[in-house]
Amino acid sequence: MSQRIPITELTDSFRGRAKEALEDGQLRTNFRVAMDSLMRKRADAFPDEEEREGLRELGNRIKAGALSRLPDLLEQLETRLTENGVKVHWAETTEEANQIVHGIIKSKQGSQVVKGKSMVSEEMEMNDFLAERHIECLESDMGEYIVQLDGEKPSHIIMPAIHKNRRQVSKLFHDKLGVEETDDVNELIRIGRRTLRTEFMEADVGVSGVNFAIAETGTLLLVENEGNGRMSTTAPPVHVAVTGIEKVVENLRDVVPLVSLLTRSALGQPITTYVNMISGPRKPDELDGPEEVHLVLLDNGRSDAFADAQMRQTLNCIRCGACMNHCPVYTRVGGHTYGEVYPGPIGKIITPHMVGLHQVPEHPSASSLCGACGEVCPVKIPIPELLQRLRQENVKSPAEHPKVDGGAKYSRKERAVWRIWVALNTRPGLYKLFLWAATRFGKLTPKNVGPWTENHTAPVPARRSLHDLARDHLSSQQKQGGQS
Amino acid sequence: MNARNNILNKLRTSLAGTSPRPDEFDEELVTRPWQYDPQNRIERLRSLMEAVHTEIHPLASEQWPAKVQELLESRNLGNVLYAPGTEHGRMLAEHWQNAGAKQELIAYDRPVEEWKEELFWEVDASVTGTLGGIAATGSLVLWPDRHEPRLMSLLPPVHIALLKASDIEDNLYAMMKAQSWSAGLPTNLLLISGPSKTADIEQVLAYGAHGPKELIVLILEDQ
């Protein structure tokens, strides 16, 4: 496979990438159009507000309930799956998870892997790990296939190639696959179908993600529209599912509201074309399906988030992408600007426990706190509240023991400025003195006050304070009152 | 096993002193908005499935094999994959013989490994049964087994599914209850709600992404 261009390293800061994205008219149009349409579809899929709010509340309770007994449910899931013939593996880090997957492939002397869409495998950078070991891992979701072909990363967790338009895809197929250029989306999909079908047939191992793991029955549930998920989990002789430890739910019935919330929030569909529920490998008398099924349960920082009662709520996430579809910042800067696997509002609150907040200190601030993400979240994660929490962690001094690896934005200078501000505003004498000085020596205010003056003129204090003006106003009114 | 113990221990430490949340599942919420009387039930399923390009034909039960033949003829398809070990498979074979249908009947009667290439590229259509339908979401329930394998509803470009009208339930929850799914699930249980599709390029909907390009549902009215 072609070497992946580390897009995220082209410009090494969120601000730098954001600036580039904002200047890219094509990119902005592609996102604007797509996000508008996704928002409309979601709204249409929930015509009854009462039903929607009831379901969101239920979704939240189911996930919170599952988290409140997470270790027991994970053990129950393992027991059931093992009874069903599925081999369960545990990994604390992405490195461990990759080694497990690689070990399975090696034990089968496999060299070709076909993969259904899986964000956890993106977290693991599984494709690169396997490529370094001479195993080709091909993405089979149309969008993922397109971004992989172009050496890119997904820019949206549900619509990986949403940043590209048909002409860009057509040119890519022409350059990489040697086919005629075409503006016909159907033809582009036909090309993808033909190319990938051979891969499904020949693959030694199929890899997939999991949307919900059901402890009661030992079942892995996957939703999808294309059929590539079914192909990857049915056609190759071995199926390896990778998922985060937070995906487990207790009962089969729990997936009724959760699947409904997921597909309606993500795509505005009452249900996806396929809901694929896998409970074991091929039975001795069955004619197809993989002979081996493995599940890799990945932690990768999730147990750290779990340890913090407030941040634990991030583990409610069912990866629908509605928060990014409704985010005014995401819509403008696009998914690649975030430079991490999970972009948008949800990315901003889960990336810290995966890579440490000090790696992504700009993320919590890349939000207007408009609240749209929290309002649409199908499992009611209070995203704005968690962003504020991370902003606080970001500026804590080492002595204040920042959590989730915060403290990266702590600045003595800024802290000192706030101390002075507090002093001025809590001591009337000092405040009066400051006011007196500010109104008289306003001209001395610096002309350059950071980012503000990039697009605005610097503020200059007025010659007279509001207090002063109010006093005048009131006394003149009193005079008038006395005369009449 | 270290990773396992470390993860579980860490989670348990974090939960120390807390108690599990009570079961707050609300059956009403997932059933009440999704209830239909018998005629509307079929109509609901039909309109949702048609909205995603599924072709639907209500029929009297005994007419379906002839309908399958007609559908293949009108599309100029040369063969059809069927499940010889099922009752509907036997009905189809019987009809084929009696009617002298010219399309080749291909039996899925050996492990996929023995004829993968043919299955992947040369089959034109398939006929499968279903375990029922779900009106709320416009879905078919398939429970593949040794007689009717998983790939039958995935590989052929045209998938013809038989659905008994009386097997349509209001919603997924009712279906799970009616068929006691939680008591035991097959290797692979499927809900299928249309032909395979993608909107990954510019959100333009294209059918026939990796699975069937066409899904045809024959709704069989009871006698």
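Strand 2 (residues 112-115) of chain A pairs with strand 3 of chain A in the parallel sense, over four bridges. Here two strands pair if DSSP finds at least two bridges between them. Helices (H or I, at least four residues) and strands (E, at least two) are DSSP runs, numbered from the N terminus. Within strand 3 of chain A, A:Cys137 is the bridge partner of A:Val113. The model is predicted: local features need pLDDT of at least 70, side-chain atom pairs count only at pLDDT 80 or more, and totals for chains, interfaces and linings use all residues. Residues are numbered from 1 along each chain as its sequence is written, while chains are lettered from A and ligands numbered from 1 in the order in which they are written.

Both strands belong to an open sheet of six strands in chain A, with the order 1-10-7-4-2-3 and parallel pairing. Its edge strands, strand 1 (87-91) and strand 3 (136-139) of chain A, each pair on one side only. From one strand to the next, the twist averages 25°. Strands of a sheet pair through backbone hydrogen bonds, either parallel or antiparallel.

Chain A is divided into domain 1 (7-304), domain 2 (326-400) and domain 3 (412-483); the bounds come from an automatic or database domain assignment. The centres of domain 1 and domain 2 of chain A, taken over C-alpha atoms, are separated by 22 Å. Their contact takes 35 residues from domain 1 of chain A and 22 residues from domain 2 of chain A. Two residues are in contact if their C-beta atoms, placed from the backbone, lie within 7 Å.

The two chains also meet. In chain A, 71 residues are in contact with 62 residues of chain B. The side of chain A that touches chain B has 33 nonpolar, 19 polar and 19 charged residues. Ala, Val, Leu, Ile, Met, Phe, Trp, Tyr, Cys and Pro count as nonpolar, Asp, Glu, Lys and Arg as charged, and the others, Gly among them, as polar. Strand 9 (residues 274-278) of chain A and strand 9 (residues 188-192) of chain B pair in the antiparallel sense, over five bridges. A:Met277 has B:Leu189 as its bridge partner in strand 9 of chain B.

In chain B, helix 4 (residues 64-74) meets helix 5 (residues 87-99). B:Pro65, B:Ala66, B:Val68 and B:Gln69 in helix 4 of chain B meet B:Met91, B:Leu92, B:His95 and B:Ala99 in helix 5 of chain B. The residues of this contact divide into six nonpolar, two polar and no charged.

How values were computed: Axes are lines fitted to C-alpha atoms, for helices over the stretch in contact, and angles run from 0 to 180 degrees between N-to-C directions.
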